[in-house]
Amino acid sequence: MQNNRNKGLVGALPGLAAPMAIALVMTGCGGGGSSSSGGAKADDKPASAYSYPADMPADVATKEMACGGEDAIELDANNITDSAKIAFLDAQDGDVIVFPEGKFNLQDTLTLDGELGGARVDGVTICGQGMDKTILDFSQSVGDDGLFITNINNVEIFGLAVTEAANNAIKLQHADGVKIHYTATVWQGEPDKGNGAYGLYPVESKNVLVENSYVRGSADAGVYVGQSENIVVRNNVAEYNVAGIEIENSRNADMYNNIARYNTGGLLVFDLPIGNGAYGSGVRVFGNEVYENNTKNFANSSSNPGGVHIVPPGTGVIVLSTDNVEIFDNTIEKHDTLAVAVTSYLMADEDAFGADYQGIIADGWLPLVRNIHVHDNSIADTGANPNGALIQDLILLFSFTEGLQWSHIIYDGAAEQLANTGALMGLGIGAYEAGDKVCFQNNSGATIGYPYDPATSATEAGPTLSPAFGTDLLDCSHEPLPAASLVFDGVTYGCGVDDTTSEHCAASL
Amino acid sequence: MKTLIRLSLMAGAVALAACGGGGGSSSGGKAPEADKPVAKNCQISESSDVNWTALASENLTKLSDYNLFASSCDPTRDAHGGMPYDLNSPLFTDYTSKYRFVFIPDGEAAAYQQNDVFDFPVGTVISKTFAMPAETSHRGYSPDESGERLLETRLLIHRADGWTALPYKWNADGTEATYTPQGAQLPMSVVHNGAQQNFTYVVPDKAQCKQCHSYDNGDTNVFIPIGPKARHLNGDFDYGEGPVNQLTHWQSEGLLTGLPLLENVDQVPVYKDADASLLDGYSDQQLMDAAKGYLDANCSHCHGVGGTAAYTGLQLEFWRAYSTEKEKHGVCKSPIAYDQGEMSYDVVPGDAANSILHFRMNTTNNQDSMPRLGRGLIHQEGVALIEAWINSLPAEACSPAS
């Protein structure tokens with residue numbers, strides 16, 4: 001087999017010979033070297049699916065909400081798989097499907113297809129007695145996903161936990177109106193690539209709210225919202241996943257007031273070349289507590305250059321080839337590798353403008369990052385032990401080049417340099433204008449580095465290596481992005497809409 | 001009203017006893033002994049009139065109340081006007097035997113389609129019964145023998161508002177099939193090639209049925225049958241007077257219109273489990289045709305235009321030419337929604353062991369296994385075919401250096 005992996009741009013640089021790699025003993029690079037890498041210590045984990053970390057935000061794990069009512073459909077505790085399946089198959093507009101208290105072994109995926117017959121179902125609630133009281137365990141299931149809900153409008157899920165699903169815990173596809181709250185998805189034990197992929201997984205959907213939920217142990221992303229639009233993900237706790245929370249190929253999203261800790265990477269904003277016309281733009285990441293995301297990357301590796309297996313362990317926030325992203329007022333601390341990485345797709349695949357990608361580019365995707373504003377974040381304790389297969393050469397470059405140091409924030413600069421040199425005119429992309437730039441401001445003294453200076457000229461061979469390091473690089477700003485909002489069952493949700501009390505949302509009115 | 005006659009089938013001796021009303025199910029006989037063929041209480045309908053009215057609108061609790069078959073405990077023969085059929089390269093379902101019938105209302109016919117499933121008239125019922133042999137070397141169902149156990153009968157009914165799927169699960173005695181929309185998970189064992197395999201057989205629920213029986217026409221997902229396509233029916237069947245081509249038989253029976261000359265109809269090669277032993281003698285072209293037929297039958301309802309996995313880019317319809325659409329066949333194509341860990345491409349020509357397509361067929365780990373539904377065992381003969389096919393393919397860019 002030819003080696004087709006990790007052929008990112010820096011990995012192909014001359015002058016960074018392999019022998020240096022064996023001498024990779026890094027020291028702290030400023031910013032306080034006391035980073036903890038103990039994100040996966042056994043004593044940090046819940047002992048069972050019933051118990052959640054003691055430091056969960058108020059009432060998330062133990063929140064009790066009314067799940068029931070006069071016309072509710074009460075599932076049979078003695079025959080949970082069959083009774084749930086029947087309720088899901090018969091789902092009608094306005095149904096409330098109630099899981100009783102207890103831990104249940106589900107025998108198969110529970111599928112709700114809202115278009116099994118007649119018009120699409122509108123308005124179904126699936127609830128339990130609390131994520132610490134209603135545990136749906138899929139470890140003995142013959143199916144792959146836990147819950148799979150599709151072709152539906154306005155589906156609400158709360159008050160339950162889905163554990164040990166073979167693939168995804170709760171997947172929703174082709175849904176318009178999703179409200180998930182006080183819900184947990186858990187794979188217990190040590191991080192393991194055999195765990196399921198996604199915890200809370202709305203995809204190809206519209207109007208998605210995920211809040212006050214807990215996701216643990218996903219071998220991909222704990223919360224993953226993909227190929228969707230109008231999204232709010234807030235007040236969740238994501239820990240011990242490869243990616244804590246990920247917004248991918250999605251538009252108009254706010255990710256705020258979440259806790260992302262002990263993952264491999266905390267918060268991800270990705271736009272991948274998937275070829276179906278769904279590409280991402282317009283994501284705000286703010287008010288999150290992102291810390292100690294130092295767990296080893298336990299995702300399956302793959303040939304997908306943009307898969308989460310590339311996430312360098314110890315990374316707080318990553319923006320990959322997405323336009324229009326604002327990252328502000330987050331606390332990003334204690335990361336072995338990086339607090340923030342902003343990068344074009346060239347870091348994942350140096351051929352991202354090549355022949356293989358022309359069809360995808362014609363479909364609307366671009367490898368670029370444009371209009372990125374990272375500002376007013378509190379960044380500390382970063383870079384004590386930078387690691388990650390994807391960025392080995394980058395680490396070596398910064399660590400062993402005189403005048404450079406490993407920095408807290410990295411921007412690749414490569415695609416911008418190509419654009420500024422006119423190399424992308426064939427795609428109709430000229431030099432970055434003021435509104436396109438990648439900007440860093442007021443991030444508590446965090447250092448910024450780039451391997452490719454956007455102001456340097458690229459050559460026919462590609463971008464010209466021109467690294468720099470400092471605290472005031474790329475100092476510019478953009479207008480704030482608008483808040484994201486969504487409509488669920490006729491009610492509008494969003495920061496400054498239904499949430500007018502949390503810090504940023506009162507201010508954004 | 002039809003009257004029911006209760007039939008008690010004893011091993012070797014059939015005793016008929018008429019009972020009025022068809023009430024209780026007790027035969028008054030002794031309980032069967034464990035190791036002997038089970039004596040069954042079967043109801044034989046006097047009427048051969050299919051209950052079309054109920055089929056058109058009602059999901060009856062008992063399969064037998066539709067009166068599709070002469071005996072209430074044998075959905076494998078004596079259909080009331082139903083045409084039995086077979087497929088050249090059937091979908092694998094855990095080594096079950098399958099018994100298929102199509103019931104088309106009198107005076108109506110299906111319209112031929114070149115590539116898609118036939119256009120069946122409203123009222124059509126397709127019955128497919130799954131039976132598990134104790135040993136795959138001894139197939140064939142009979143109510144008074146213990147060789148095969150009835151598991152489920154799936155009815156696909158073309159109602160006025162579209163196709164619907166009604167799953168019926170057989171009781172352990174094989175005397176009655178009950179509407180079971182929620183499906184079931186059945187502990188099962190089968191002896192195949194001398195080895196006993198224990199697994200869970202899954203009767204899919206109605207929503208799961210649609211995962212495969214689905215066609216996205218751009219506006220909506222519609223429910224469609226999968227099997228009865230020209231290329232799969234274009235083969236011989238013995239209706240009792242020697243083998244004849246199924247398509248011409250359907251045509252001559254008035255069940256099919258628009259059939260072109262057979263020489264102009266695609267034909268998926270016959271590939272049954274016994275054929276795996278012949279793979280060594282297959283030419284590359286034979287492997288190509290057989291593999292494409294197998295992939296068509298087992299994968300293309302999802303991995304095909306309009307299917308639920310069309311988005312993956314792996315599209316495996318038989319009519320799609322390999323030579324001009326290799327990437328659609330997975331050649332040197334990375335999966336877009338799956339990380340295997342070590343392997344990079346769906347199909348690596350010349351290297352089945354590093355091809356994800358082969359890997360996912362050759363596992364029962366439900367995180368990885370394909371198809372996602374309906375398979376709890378590895379289809380050894382199918383894997384062998386795909387392995388031989390991939391290894392026979394000419395090298396491409398992702399192939400190992402020779």
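In β7(A), A:F148 has A:T111 standing opposite. The model is predicted: local features need pLDDT of at least 70 and side-chain atom pairs count only at pLDDT 80 or more, while totals for chains, interfaces and linings use all residues. Residues are numbered from 1 along each chain as its sequence is written, and chains are lettered from A and ligands numbered from 1 in the order in which they are written.

## Exercise 1

Task: find which strands pair with β7(A), and over how many bridges.

Solution. 
- Strands (E, at least two residues) and helices (H or I, at least four) are DSSP runs, numbered from the N terminus. Two strands pair if DSSP finds at least two bridges between them.
- Take β4(A): it pairs with β7(A) in the parallel sense over four bridges.
- Take β5 (residues 121-127) of chain A: six bridges join it to β7(A), again in parallel. Here A:V124 has A:V155 as its bridge partner in β7(A).
- Take β6 (residues 134-137) of chain A: three bridges join it to β7(A), and the two run parallel.
- A:E156 stands opposite A:K179 in β8(A).

## Exercise 2

Solution. 
- A residue is buried if 20 or more other C-beta atoms lie within 10 Å of its own, exposed if 12 or fewer, and partly exposed in between, with C-beta atoms placed from the backbone.
- A nonpolar core is a set of buried Ala, Val, Leu, Ile, Met, Phe, Trp, Tyr and Cys residues joined through C-beta atoms within 7 Å.
- The largest core has 156 residues, of which A:V223, A:V340 and A:I409 touch the most other members.
- A separate second core has 87 residues, including B:L55, B:V102, B:W163 and B:L357.

## Exercise 3

Task: describe the open sheet of six strands in chain B and name its edge strands.

Solution. 
- The strand order is β4-β5-β7-β8-β9-β10 (chain B), with antiparallel pairing.
- β4 (83-85) and β10 (177-179) of chain B are at the edges; each has a single partner strand, so one side of each lacks a neighbour in the sheet.
- Inspect one pair: β5 (residues 97-103) and β7 (residues 125-133) of chain B are antiparallel over seven bridges. Within this chain, B:F101 stands opposite B:S127 in β7(B).

## Exercise 4

Task: state how many residues each chain gives to the contact between chain A and chain B.

Solution. 
- Two residues are in contact if their C-beta atoms, placed from the backbone, lie within 7 Å.
- By this rule the contact takes 33 residues from chain A and 28 residues from chain B.
- On the side of chain A, the elements giving two or more residues are α2 (80-89) and β4 (110-113). α2(A) gives the most, with five residues.
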